[in-house]
Amino acid sequence: MLAFMSIKGFEGRDQMLKLQERVLQAEEERINGAETFSIDQARERLRERLEIR
């Protein structure tokens, strides 16, 4: 029996897979010693970037 997925369902699945890929990449970078930031540091950096624009 074939199962069909709606376009909306397919797009949601595709977005979830892309997000999972990004999370796994970030985790790999963290394990390999990439610089990490606390939530407060990340918020401050975001505020700084938004003020520039």
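Colleague: Is methionine 16 buried or exposed?
Modeller: Methionine 16 counts as exposed, because its relative accessibility is 53% and the cut-off for exposed is over 50%. Bear in mind that this is a predicted model.

Colleague: Where does methionine 16 sit?
Modeller: Methionine 16 is in helix α1, which covers residues 7–31.

Colleague: Which residues form a nonpolar patch on the surface?
Modeller: Met16, Leu19 and Val23 make up that patch. Together they have about 300 Å² of accessible area.

Colleague: Stepping back, how many helices and strands does the protein chain have?
Modeller: Two helices and zero strands.

Colleague: And what is the radius of gyration?
Modeller: The protein chain has 18 Å, whereas a compact globule of 53 residues would be near 10 Å. Along the principal axes, the C-alpha atoms fill a box of roughly 50 × 30 × 15 Å.

Colleague: What share of the residues counts as buried?
Modeller: 0% of the 53 residues. The chain exposes about 5800 Å², and carbon and sulfur atoms supply 55% of that area.

Colleague: Charges next. How many positive and negative side chains are there?
Modeller: There are 10 positive and 11 negative side chains, with the centres of the two sets 5 Å apart.

Colleague: How many salt bridges does the structure hold?
Modeller: Four. Side chains of opposite charge can pair when their charged atoms come close. One of the salt bridges joins lysine 18 to aspartate 14, at 3.3 Å from N to O. Both residues lie in helix α1, four residues apart, or about one turn of the helix.

Colleague: How exposed is aspartate 14?
Modeller: Aspartate 14 is partly exposed, because its relative accessible area is 30%, and that falls between the 20% and 50% cut-offs.

Colleague: What does arginine 30 form a salt bridge with?
Modeller: Glutamate 27, and the closest N and O atoms are 2.5 Å apart. Arginine 30 is partly exposed at 45% relative accessibility, and glutamate 27 is partly exposed at 34%.

Colleague: Now helix α2. Why are aspartate 40 and arginine 43 separated by about one helical turn?
Modeller: Because they are three residues apart in helix α2, which covers residues 39–52. Aspartate 40 and arginine 43 form a salt bridge, with 3.9 Å between the closest N and O atoms.

Colleague: How exposed are those two?
Modeller: Aspartate 40 counts as exposed, because its relative accessible area is 56%. Arginine 43 has 48%, so it counts as partly exposed.

Key: Residues are numbered from 1 along each chain as its sequence is written. This is a predicted model: local features need pLDDT of at least 70, side-chain atom pairs count only at pLDDT 80 or more; totals for chains, interfaces and linings use all residues. Side-chain values use heavy atoms; hydrogens and water are left out. Patches are made of residues with over 30% relative accessible area and no salt bridge: like charges are joined within 9 Å, nonpolar side chains (Val, Leu, Ile, Met, Phe, Trp, Tyr) within 5 Å. Accessible areas come from the Shrake-Rupley method with a 1.4 Å probe; for residues, only the protein chains shown count as cover. A salt bridge is a side-chain nitrogen of Lys or Arg within 4 Å of a carboxyl oxygen of Asp or Glu. Buried means under 20% relative accessible area, exposed over 50%, partly exposed in between (1.4 Å probe, protein chains only). The radius of gyration is taken over C-alpha atoms; the globule rule is 2.2 Å times the number of residues to the power 0.38. Lys and Arg count as positive and Asp and Glu as negative; His and the chain ends are not counted. The place of a charge is taken as NZ of Lys, CZ of Arg, CG of Asp or CD of Glu.
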